[in-house]
Amino acid sequence: MIDPDGYRPNVGIVLMHPDGRVFWARRVRRDGWQFPQGGMNSDETPIEAMYRELQEETGLLPGHVDVLGATPGWLRYRLPSRAIRRNDRLVCIGQKQVWFLLRFTGADADLRLDLTDKPEFDHWRWVDFWYPLEHVVTFKRGVYARALQHLAHFAREVAGPRAVPTISLEAQRSRGRSARAAGQGPGPARRPVAQD
């Protein structure tokens, strides 16, 4: 399903541990890490799509999470030119997403990446709340910044201001530029807990 402007409706999921760290996962057979996300079916609401994607990509059920908040409307990002399939009948130029912040209420053992025939992820860890801004693929950084900035106040209500410090969008961009300039790139996260 692609809208008339060429954007595919999609949901993004920020799964947060009660201590403020967020779920960060590596794409299967790739070195890219990201939050869970996925396209909406034409008969789904954003929240229905979110629960379906949550189960498909992490193995979690609604009973493993509490919904803390969502972005009030669509956040968009464009795909890089090399990723646009121009031979398709409908050309998708990007994604429009509703982002959800979920508090994880289960145990780490509940997270299962292998419950579908085609898993999206092969590895995961908990990382600091703002860590993804410096480590997601470049073309998604803007939408990640807008989503996390919007959802941060919900996160602070659960985890507190020390776990989710206030950070301006300019400071977020600066942190990303500094990491790239120093050649750090996607390095190890602070306080990671790795799972296979």
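1. Is Glu44 buried or exposed? In this predicted model, Glu44 has a relative accessibility of 15%, and therefore counts as buried, the limit being under 20%.

2. The side chain of Glu44 is paired with that of Arg52 in a salt bridge, with 2.7 Å from N to O. Arg52 also forms a salt bridge with Glu53, where the closest N and O atoms are 2.9 Å apart. Glu53 is buried as well, at 6% relative accessibility. Through shared partners, salt bridges join Glu44, Arg52, Glu53 and Glu56 into one network.

3. The structure has nine salt bridges. One of them links Glu120 to Arg27, with 3.8 Å between the closest N and O atoms. Arg27 belongs to strand β2 (residues 22-27), while Glu120 sits in the loop between β7 (94-104) and β8 (121-127), so this pair ties together parts 93 residues apart in sequence. Glu120 counts as partly exposed, with a relative accessibility of 32%.

4. The largest pocket has a volume of about 1200 Å³. Its lining comprises 41 residues, and Arg8, Arg27, Arg30, Gln37 and Gln95 are the closest to the pocket centre. Two or more lining residues come from each of β1 (7-16), β3 (33-34), β4 (37-39) and α1 (46-58). The largest share, four residues, is that of α1. By type, the lining has 16 nonpolar, ten polar and 15 charged residues.

5. An unreviewed UniProt entry lists residues 38-59 as "short sequence motif: Nudix box". In the model this span is 59% helix and 9% strand, and its end C-alpha atoms lie 14 Å apart.

Conventions. Residues are numbered from 1 along each chain as its sequence is written. This is a predicted model: local features need pLDDT of at least 70, side-chain atom pairs count only at pLDDT 80 or more; totals for chains, interfaces and linings use all residues. Side-chain values use heavy atoms; hydrogens and water are left out. On a 1 Å grid over the protein atoms alone, a cavity is a set of points where a 1.4 Å probe fits but cannot get out, and a pocket is an open set with protein on both sides within 12 Å along at least five of seven lines; lining residues have an atom within 4 Å of a point. Grid points are joined across faces, edges and corners, and a volume is the space filled by probe spheres set on the points. Ala, Val, Leu, Ile, Met, Phe, Trp, Tyr, Cys and Pro count as nonpolar, Asp, Glu, Lys and Arg as charged, and the others, Gly among them, as polar. UniProt positions are given in the numbering used here, feature names are shortened, and annotations may be inferred rather than shown by experiment. A salt bridge is a side-chain nitrogen of Lys or Arg within 4 Å of a carboxyl oxygen of Asp or Glu. Buried means under 20% relative accessible area, exposed over 50%, partly exposed in between (1.4 Å probe, protein chains only).
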